[in-house]
2 protein chains.
Amino acid sequence: MNGAPPTIYDVAAAAGVSIASVSRVLNGTGSPRADTRDRVLRAVAELGFVPDGAARALSVKLKETVGVVYRRVPKATPGGVFAEEDENLQFADIINRGIEVAAQRSGFSLLISSVAAADADAGRRMLALARKCDGLIVHDLVLDEGQLDRLGRQIPVVNLAGITTPHTASVRGDSEAGMRDLMRHLIRDHGYAAVGYLSGVADSPDNVTRRAVVTAEAGAAGVELAAGPQWQGSYYADGGAQVIEGLLGAGRPLPRAIVCANDLAALGALHTLARHGVDVPGEVAVTGFDDIPVARRLHPGLTTVRQPIQELGATAFELLESLVRNGQPEPRDVVLPTRLIRRESCGC
Amino acid sequence: MNGAPPTIYDVAAAAGVSIASVSRVLNGTGSPRADTRDRVLRAVAELGFVPDGAARALSVKLKETVGVVYRRVPKATPGGVFAEEDENLQFADIINRGIEVAAQRSGFSLLISSVAAADADAGRRMLALARKCDGLIVHDLVLDEGQLDRLGRQIPVVNLAGITTPHTASVRGDSEAGMRDLMRHLIRDHGYAAVGYLSGVADSPDNVTRRAVVTAEAGAAGVELAAGPQWQGSYYADGGAQVIEGLLGAGRPLPRAIVCANDLAALGALHTLARHGVDVPGEVAVTGFDDIPVARRLHPGLTTVRQPIQELGATAFELLESLVRNGQPEPRDVVLPTRLIRRESCGC
DNA sequence: CTGAAAGCGCTTACAG
DNA sequence: CTGAAAGCGCTTACAG
């Protein structure tokens with residue numbers, strides 16, 4: 001690292017060829033003579049030449065980089081049992097792994113940026129990111145529909161919350177089918193006649209969909225649906241725990257089954273129920289959504305709806321790449337299948 | 001996204017000014033007239049202009065991007081209890097969070113890349129990454145000293161394993177002091193007379209250091225040290241579990257205290273000991289190293305040595321930034337303090 | 001305060 | 001097969 005790093009001109013000079021030849025052997029284009037090749041490669045090795053990606057990106061109009069923006073987990077209740085749940089690998093992280101795997105296959109790199117829950121200048125940060133990549137993959141709860149569409153007019157954007165705007169594409173799991181199967185299992189197979197929906201973040205599209213299906217299925221079957229602000233959770237264990245705590249504290253009886261917006265909420269619910277000596281699934285059945293790794297390790301085993309999490313990420317990348325390369329996304333709203341996973345917490 | 005995205009020329013034309021003026025108002029340099037400012041900003045908004053980071057990087061010779069390379073967790077024994085431990089947030093992830101926080105403060109973005117345990121062309125991947133950023137932060141177990149030094153001649157490199165070469169800098173926790181305090185606690189405060197060291201990856205610098213301290217302290221105190229290939233773990237729970245399984249299977253008595261190379265190994269050891277009905281700390285004391293979040297949730301609570309994990313990441317970034325900007329790293333080898341955390345697993 | 005112009009380090013038609 | 005040259009989209013002295 002003494003002085004300025006070598007450029008393609010230095011390599012060309014050292015090899016006694018033109019910069020065009022250097023570029024060709026390094027990129028494997030054209031058919032350079034063996035001798036040319038050797039001299040270039042030798043010079044490259046000697047000088048420790050690393051081609052400048054910015055210069056290439058400027059020239060070919062492609063950075064081969066995608067930006068991923070996800071929401072940092074909000075701080076949980078201080079001192080609570082789940083105070084450190086933000087330090088567990090969750091849904092978003094598995095998606096990111098899927099993105100990375102797919103990106104690597106295409107020679108793309110990942111620019112990762114997390115934004116705090118209520119980040120005022122998330123917009124600015126996003127623009128700064130956008131400058132450095134070819135397109136953005138935006139997780140749930142980062143931007144609302146309006147912000148997303150605006151961003152989509154400036155740069156290719158794929159959203160992971162199921163929000164599809166005129167200028168953006170999206171990838172999501174099939175919440176409708178998954179939740180429908182789950183509800184019918186609880187109602188028909190187990191015969192539960194009273195259900196509560198432990199909500200995720202209120203305006204998250206997935207939450208809206210899942211609640212709607214729960215409501216519709218309960219209504220169609222004449223099943224009682226517990227509702228109200230006290231059922232409002234957060235998608236996190238901490239929120240699920242608080243909902244149960246509140247319900248129990250109010251002294252009102254719990255419904256026969258509690259359908260949670262996602263696995264983390266179910267984890268919090270399960271934990272709190274256990275602490276209060278409520279038997280699951282004997283007294284109350286509990287279900288999740290996502291099938292994240294911890295779901296498999298809970299006791300009782302969590303009945304949930306599996307989403308193809310890593311595949312969601314991989315698909316988001318592929319969609320974005322087609323957007324970047326062709327301008328138009330092939331399908332605009334990709335929906336990946338989900339599947340009911342019956343374990344013990346539902347009563348099975 | 002219709003046609004080519006607007007450039008600074010389009011903005012200048014729309015605003016009726018020169019591209020130099022556009023650049024100045026966007027970067028807050030010079031003192032543009034209010035009128036100029038307004039017209040530029042209006043044109044930017046109208047066109048949805050996002051300046052090209054590659055062009056800027058080429059011009060200012062700074063990408064404001066750092067690359068982070070970490071090692072993907074190797075697959076654990078199929079079907080084992082810890083088969084999915086790679087899906088838990090661990091040491092490396094917390095470090096990465098620290099890097100991101102510090103990078104964000106300086107306006108840098110993070111290019112993240114994971115390499116598989118035995119990745120033949122990790123080198124090539126690394127070079128590809130290097131093209132796109134100003135410097136690289138390389139986690140433990142990714143490159144050996146030779147590869148690291150070679151890389152360091154091509155691009156600024158900070159290593160997180162404590163390997164300092166002529167061309168690279170490093171950041172690490174103080175394993176010596178931490179392990180010394182821990183050993184003395186076990187020997188002096190608890191009076192244990194026989195100790196085993198459950199090893200991490202054999203040639204990892206931290207492992208080498210920790211083992212050396214354990215050996216030295218045991219020797220100095222006349223404490224018996226169990227050793228041999230059967231004590232070879234992997235830094236992961238799976239490895240720790242296998243070591244204990246092997247020891248127990250061989251029917252030989254366990255030492256009074258098992259000092260594990262890190263928390264994850266201790267986690268595996270704890271789990272396996274419990275499965276075999278061995279009382280910890282009654283029959284055998286167990287300790288870890290790192291103080292990762294799960295350590296606090298184990299039963300019994302894990303006695304360990306706390307590393308300032310997130311700070312290791314933040315410091316690595318700061319060191320790299322100074323390397324990038326000044327060419328010379330200020331301190332070449334930064335050692336952050338560690339601290340003994342006594343919980344129950346040591347017998348306290 | 002503002003603009004014309006050079007320069008950053010590559011890639012890629014275009015000639016030869 | 002190879003080289004001279006233009007061009008990618010910015011920033012920044014340098015004049016005015």
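User: B:Glu64, buried or exposed?
Analyst: B:Glu64 counts as buried, because 20 C-beta neighbours lie inside 10 Å. The cut-offs: buried is 20 or more other C-beta atoms within 10 Å of the residue's own, exposed is 12 or fewer, and partly exposed is in between, with C-beta atoms placed from the backbone.

User: What kind of model is this, and how are things numbered?
Analyst: This is a predicted model: local features need pLDDT of at least 70, side-chain atom pairs count only at pLDDT 80 or more, and totals for chains, interfaces and linings use all residues. Residues are numbered from 1 along each chain as its sequence is written, while chains are lettered from A and ligands numbered from 1 in the order in which they are written.

User: Back to B:Glu64. What is its phi?
Analyst: Phi of B:Glu64 is near 55°. That is a positive value in a residue other than glycine.

User: Where is B:Glu64 found?
Analyst: B:Glu64 sits in the loop between H4 and strand S1 (65–71) of chain B. Helices (H or I, at least four residues) and strands (E, at least two) are DSSP runs, numbered from the N terminus.

User: Which peptide bonds of chain A are cis?
Analyst: One is the bond from A:Val280 to A:Pro281, with omega near 5°. A:Pro281 lies in the loop between helix H11 (263–275) and S9 of chain A. Another is the bond from A:His299 to A:Pro300, with omega near -5°. A:Pro300 is in the loop between S9 and strand S10 (304–306) of chain A.

User: What does S8(A) pair with?
Analyst: S8(A) pairs with strand S6 (residues 194–198) of chain A in the parallel sense over four bridges. S8(A) also pairs with strand S9 (residues 285–287) of chain A, again in the parallel sense, over three bridges. Two strands pair if DSSP finds at least two bridges between them.

User: Which residues stand opposite each other there?
Analyst: A:Leu198 stands opposite A:Cys260 in S8(A). A:Ala257 has A:Ala285 in S9(A) as its bridge partner.

User: Which way do the residues of strand S8 point?
Analyst: A:Ala257 and A:Val259 point one way from strand S8 (residues 257–260) of chain A. A:Ile258 and A:Cys260 point the other way. All are buried.

User: New topic. How many residues of chain B are in contact with chain A?
Analyst: 35 residues of chain B are in contact with 36 residues of chain A. Contact is when the C-beta atoms of two residues, placed from the backbone, lie within 7 Å. Helix H4 (53–60), strand S2 (109–115) and helix H6 (122–131) of chain B each give two or more residues to that side. S2(B) gives the largest share, six residues.

User: What is the split by class?
Analyst: The side of chain B that touches chain A has 17 nonpolar, 10 polar and eight charged residues. Ala, Val, Leu, Ile, Met, Phe, Trp, Tyr, Cys and Pro count as nonpolar, Asp, Glu, Lys and Arg as charged, and the others, Gly among them, as polar.

User: How many bridges join strand S2 of chain A to S2(B)?
Analyst: Three, and the strands run antiparallel. A:Ile112 stands opposite B:Leu110 in S2(B).

User: Now DNA. Which residues come nearest to DNA strand D?
Analyst: Of the 30 residues around DNA strand D, A:Ser31, A:Thr36, B:Ile8, B:Ser23 and B:Ala55 come nearest. A residue is near a molecule or strand if its C-beta atom, placed from the backbone, lies within 6 Å of it. H2(B) gives the most to this surface, with six residues.

User: And DNA strand C, which are the closest?
Analyst: A:Ile8, A:Ser23, A:Ala55, B:Ser18 and B:Ser31, out of 30 residues that surround DNA strand C. H2(A) gives the most there, with six residues.
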